[in-house]
Amino acid sequence: MPKSIGEKVAEIKTQIENLSVDEVAAERDQGALIIDIRESEELARTGKIPGSLHIPRGMLEFHADPTSRYHNPELSPDKRIILHCAGGIRSALGVAALKELGYDNIAHLEGGFGAWAQEGGPVEAV
């Protein structure tokens, strides 16, 4: 029987590392690479986490795969990487996708940018 996207995301979240705003802030201060996978329009409207790298969700796997012509050298399975989107759904799916590409030291921000901003995390204009 097919799963709904909600069921799929709920299942994925039991298999990945889900971080709070405070945990992401601490890891960011320790050098973790924060990747914002929202669309450009979302960043323009709400800003972004300072120092985060923007890679839209639709291009994430291409930027992460070293064999892709779109590969971004900032992405490496050796680095600690934390994904976030607006609310924590796309980033959970993104973590699952990158795990399939060999990224094991990866997590996502539960609640996404919305939780970050609501809890007073720093935001910079784009």
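These legends describe close-up views of a predicted model.

**View 1. The five-stranded sheet.**
Five strands build an open sheet. Their order is β1-β5-β4-β2-β3, and the pairing is parallel. β1 and β3 stand at the edges with a single partner strand each, so one side of each has no neighbour in the sheet. Leu 19 stands opposite Leu 109 of β5.

**View 2. Strand β2 and its two partners.**
Strand β2 spans residues 33-36. Four bridges link β2 to β4, residues 81-84. This pair runs parallel. Two bridges link β2 to β3, residues 53-54. That pair also runs parallel.

Are the side chains of β2 buried or exposed? Leu 33 and Ile 35 lie on one side, and both are buried.

**View 3. The crossover from β2 to β3.**
Helix α3 covers residues 40-46. Together, β2, α3 and β3 make a β-α-β unit. The unit is right-handed.

**View 4. Helix α2 and its buried side.**
Helix α2 runs over residues 21-29. Val 21, Val 24 and Glu 27 are buried in this helix. Why do they share a side of α2? They cover an arc of only 130° around the axis, which puts them on the same side of the helix. The face turned away from that buried side carries Asp 22 and Asp 29, which are exposed. Just after α2 comes Gly 31, with a positive phi of about 105°.

**View 5. What α2 packs against.**
The buried residues of α2 pack against several elements. Strands among them are β1 (17-19), β2, β4 and β5 (106-109). Helix α6 (112-118) is also a packing partner.

**View 6. Helix α5 on the sheet.**
Helix α5 takes in residues 90-100. The helix lies across β4 and β5. Its direction is at about 175° to that of β5.

Notes. Residues numbered from 1 in each chain as written. Predicted model: local features only at pLDDT ≥ 70, side-chain atom pairs only at ≥ 80, totals over all residues. Heavy atoms only, no water. Buried < 20%, exposed > 50% of the residue type's maximum accessible area, 1.4 Å probe, protein only. Pairing = 2+ DSSP bridges. Right-handed = clockwise from strand over helix to strand, strands pointing away. Arc of directions from axis to C-beta. Contact = heavy atoms within 4.5 Å. Axes fitted to C-alpha atoms, helices over the stretch in contact; angles between N-to-C directions.
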